[in-house]
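Please look over the sequence and the model below before reading on. The paragraphs after it go from the overall fold to individual side chains.

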Amino acid sequence: MTEADKNSTDNEVYSTIFSSKTAGQFKDRIKHHLMSFQGRDPMRAGPRDLYKALSYALRDVLVEKWIETQKNFYAKKSKRVYYLSLEFLVGRSLGNTLINTGLMGEVARALEELGYKLEEIREIEEDAALGNGGLGRLAACFLDSIATLQIPAYGYGIRYEYGLFYQKLLNGYQVETPDNWLRYGTPWEFERGSYFFPVNFYGKVNSYLDKKGHYRSEWVDTEDVMAMACDYLVPGFNNDHVINMRLWTARASRELDLSFFNAGDYIQAVHGKVISETISKVLYPSDEIREGQELRLKQQYFFVAATFQDILRRYKKKNLSFDQFSNQIAVQLNDTHPAIAIPELMRILVDIEGVNWEKAWDTCTKTFAYTNHTLMPEALETWPVDLIGRVLPRHLQIIYEINQRFLEQVAQRYPGDTRRLRDMSIIAEGETKRVRMAHLAIVGSHSVNGVAELHTLLLKTRIFSDFNEFYPRKFNNKTNGITPRRWLLKCNPGLAALISDRIGLGWVTDLDELKKLEEYAGDVELQEKWHAVKLANKKRLARIIEEQCRIKVNPESLFDVQVKRIHEYKRQLLNALHVIALYHRIIAHPGQEITPRTVIFAGKAAPSYRKAKLIIKLINSVADVVNSHPLAGEKLRVVFIPNYNVSLAEKIIPAADLSEQISTAGTEASGTGNMKFALNGALTVGTLDGANIEIREEVGKNNIFIFGMTAAEAEYEKQHKSRTPAMIYEKNPEIKRIVDTIRDGMFSYGDRELFKPIVEDLLNENDPYMLLLDLESYLACQEKIGIAFRDRKTWTEKSILNVSRMGKFSSDRTIREYARDIWGIKDI
């Protein structure tokens with residue numbers, strides 16, 4: 001089947017799911033936008049012109065629904081939810097809009113009458129570079145569920161001009177280039193020029209007594225940057241409810257300094273503009289240098305300050321005091337990046353609005369809720385005190401005041417316990433004093449939630465045990481979820497149609513409906529169709545791999561997939577060690593039966609994360625050796641697909657047979673990739689980490705492959721070292737050979753220095769990721785997987801059972817729990 005045939009088939013599948021109205025009306029809208037918005041002759045327009053015109057036409061539909069949605073919010077005096085996130089990894093908007101509005105069939109027919117295929121037009125859209133990994137993708141799933149559940153809410157973040165980076169591979173090394181996703185503009189954006197807010201930095205603080213004798217502070221002599229709102233509309237599924245994601249872009253308070261311009265210094269004339277607008281240029285500037293750290297802090301405060309001016313603008317329309325603030329407003333902090341919002345709200349209430357500290361603090365804590373996303377102590381965000389003091393001097397004063405009052409409460413509860421005071425303080429003492437943003441978020445919020453049951457347990461018992469004891473009712477769990485609209489209905493139309501043919505469409509908004517599939521798991525006819533859908537998806541991915549990586553892979557082979565952010569704790573290296581073991585077995589025993597396997601990697605490493613980038617190089621070097629060896633043949637192929645993003649994930653995930661979720665137990669907060677793969681029929685190989693535990697509980701222990709240490713066992717080994725990497729290396733010949741071939745240069749043309757850091761880490765008895773300690777179990781588990789895959793009937797049955805038991809992992813369920821337990825919104 002050609003790519004064009006596959007696209008045509010997808011359109012036919014969508015047409016069976018969505019009824020198609022007359023295409024004439026939409027064809028006229030497209031022609032209108034070609035001429036009026038783009039100045040193009042419809043007879044001479046190209047695919048990109050059609051994409052923009054179609055997107056504008058759909059945006060017209062969305063904005064009408066959005067206006068009605070906003071009117072309803074005001075009419076019902078609804079409590080509003082503000083979801084603050086530094087990332088929103090939304091991917092492409094065209095397909096998602098067509099799915100949720102039910103216009104897929106109508107638009108496909110309209111484009112056909114104009115001589116175009118819908119999939120051809122959909123492929124033109126750039127992925128919105130507004131996030132990096134799971135944090136941003138979770139936020140995007142949440143907005144989809146919020147809109148579908150008709151919750152009065154807004155997403156707030158930054159409109160990055162370049163996002164993180166565009167990843168290329170050069171000689172196996174990651175090379176970062178700008179991700180200029182806006183070079184052609186985006187038709188999905190509304191620039192709100194009427195919503196310009198000043199954001200202040202630097203300056204100094206003056207203190208004085210007001211007319212009533214109250215102590216007041218004033219932040220003066222600041223440098224100002226303007227924040228302009230850009231709205232992206234998010235439709236709910238089939239319900240006419242549309243919310244908006246409001247992203248801020250930085251603008252200079254002055255475009256041009258005429259004094260420098262008239263003096264002939266043209267560069268200095270625009271210097272202020274360039275510096276100001278850098279704030280919204282790039283996601284996660286490098287924090288290895290002082291300037292990068294300062295820019296990150298400014299980014300966080302920039303979007304928080306603009307957001308709260310917008311929140312207050314909206315609140316003050318109907319309120320003269322702040323008595324009802326926390327009853328009408330709920331603010332969810334997606335990790336610690338927006339935690340500076342806590343002292344910002346206190347500054348507004350105390351310094352500007354004249355609210356006394358006690359009342360302001362009560363309002364503040366009732367307004368904020370904090371979601372933690374990490375179990376890695378080193379990943380808990382901290383800022384140098386002197387940096388905050390210079391960039392945000394008033395906020396540092398407020399943080400110290402919050403900390404002093406908090407520690408007084410701790411001292412009252414635990415007299416003389418200096419250890420507890422030190423460990424719970426918002427300010428970390430040391431050679432460089434630092435502000436612990438997670439501590440600030442915990443103290444300043446009424447709710448702190450983890451994102452999987454194990455994650456929350458470890459937060460309460462290990463990471464923040466003192467806080468959990470002090471605030472026994474503050475910590476709670478909200479296991480993550482994914483939207484089935486994008487991660488099954490949109491990305492896997494063949495499987496969606498097959499499921500809907502058996503059990504109806506109810507699962508799209510009630511994922512528990514998938515349970516009805518369970519009774520058909522052993523049905524031979526369904527199994528054959530299920531396998532055919534999977535094979536078609538694998539053939540499509542095989543074509544993409546050949547096109548992008550110049551590697552031919554066998555679609556009949558086991559597609560073994562690990563796609564996610566490259567990080568040591570996610571253990572892509574463990575997967576690579578298994579590949580090396582397979583390679584050695586094939587070469588040593590060419591006649592031995594080995595299940596053909598295609599091992600697929602994708603993901604980006606942070607530009608300054610040298611170890612992660614070296615792991616990418618090793619994977620590609622192993623791939624070069626394996627793929628070029630004549631004995632490997634079709635038994636083993638290794639590919640690293642560059643520039644992983646949402647759109648690529650939508651093609652990879654439906655094609656996966658095996659989902660690698662192999663982080664060291666006790667390090668992954670939840671994971672959502674594990675849910676996406678399982679929802680699309682892949683079986684999971686994983687540790688008992690994050691949401692893997694809950695997936696096992698749902699799908700059954702016989703339908704998932706678990707290996708390695710538990711979190712408790714891993715913690716025990718860290719403390720007692722009953723087994724060390726050196727012991728395993730010496731006692732296990734296969735593992736010794738794996739390590740030795742890396743060290744001896746088999747994958748680096750004899751260069752023993754290139755991968756020396758990796759070898760040293762593997763053999764280090766203090767390896768925090770414990771790769772060799774889990775490798776024996778992992779190799780044994782993978783051998784069982786290879787054998788299991790040969791039994792196609794049983795494997796397919798397990799695949800069906802996995803899908804049928806994924807109801808818990810809908811983001812709709814997660815958002816209902818947030819709304820009920822944290823935001824105080826009951827009527828959903």
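The model is predicted, and its secondary structure comes to 35 helices and 22 strands. Buried residues account for 62% of the 828 residues, and among contacts with a separation of 6 or more, 77% are made by residues 24 or more positions apart.

The accessible surface of the protein is about 32300 Å², and carbon and sulfur atoms contribute 49% of that area. As for charge, the protein carries 111 positive and 108 negative charges, whose mean positions are 2 Å apart.

A pair of aromatic rings is described by the distance of the centres and the angle of the planes. The structure holds 27 aromatic pairs. In one of them, the rings of Phe-142 and Tyr-818 have centres 5.5 Å apart and planes at 65 degrees, and because an angle over 60 degrees counts as edge-to-face, the pair is assigned to that class. This pair links distant parts of the chain, since Phe-142 belongs to helix 7 (residues 134-148) and Tyr-818 to helix 35 (residues 811-823), 676 residues apart. Phe-142 and Tyr-818 are both buried.

A second pair has another geometry: the ring centres of Phe-705 and Trp-795 are 6.0 Å apart with their planes at 25 degrees, so this pair is stacked. Here too distant parts of the chain are linked, with Phe-705 in strand 22 (residues 705-706) and Trp-795 in helix 34 (residues 792-804), 90 residues apart. Phe-705 and Trp-795 are likewise buried. Elsewhere, one aromatic cluster is formed by Phe-73, Tyr-82, Tyr-154, Tyr-156, Phe-197 and Trp-248.

Finally, consider Phe-88, which lies in the loop between strand 1 (80-84) and helix 4 (94-101). Its relative accessibility is 1%, and therefore Phe-88 counts as buried. Leaving aside residues up to four places away in sequence, the residues that Phe-88 touches include Leu-130, Ala-139, Leu-143, Met-245 and Leu-247, and Tyr-156 is also among them. Tyr-156 is a member of the aromatic cluster named above. The C-alpha atom of Phe-88 is separated by 23 Å from that of Glu-378, which lies 290 residues away along the chain.

Note on methods. Residues are numbered from 1 along each chain as its sequence is written. This is a predicted model: local features need pLDDT of at least 70, side-chain atom pairs count only at pLDDT 80 or more; totals for chains, interfaces and linings use all residues. Side-chain values use heavy atoms; hydrogens and water are left out. Helices (H or I, at least four residues) and strands (E, at least two) are DSSP runs, numbered from the N terminus. Buried means under 20% relative accessible area, exposed over 50%, partly exposed in between (1.4 Å probe, protein chains only). Contact means heavy atoms within 4.5 Å. Accessible areas come from the Shrake-Rupley method with a 1.4 Å probe; for residues, only the protein chains shown count as cover. Lys and Arg count as positive and Asp and Glu as negative; His and the chain ends are not counted. The place of a charge is taken as NZ of Lys, CZ of Arg, CG of Asp or CD of Glu. Rings of Phe, Tyr and Trp (its six-membered ring) pair if their centres lie within 6.5 Å; planes under 30 degrees apart count as stacked, over 60 as edge-to-face and the rest as tilted.
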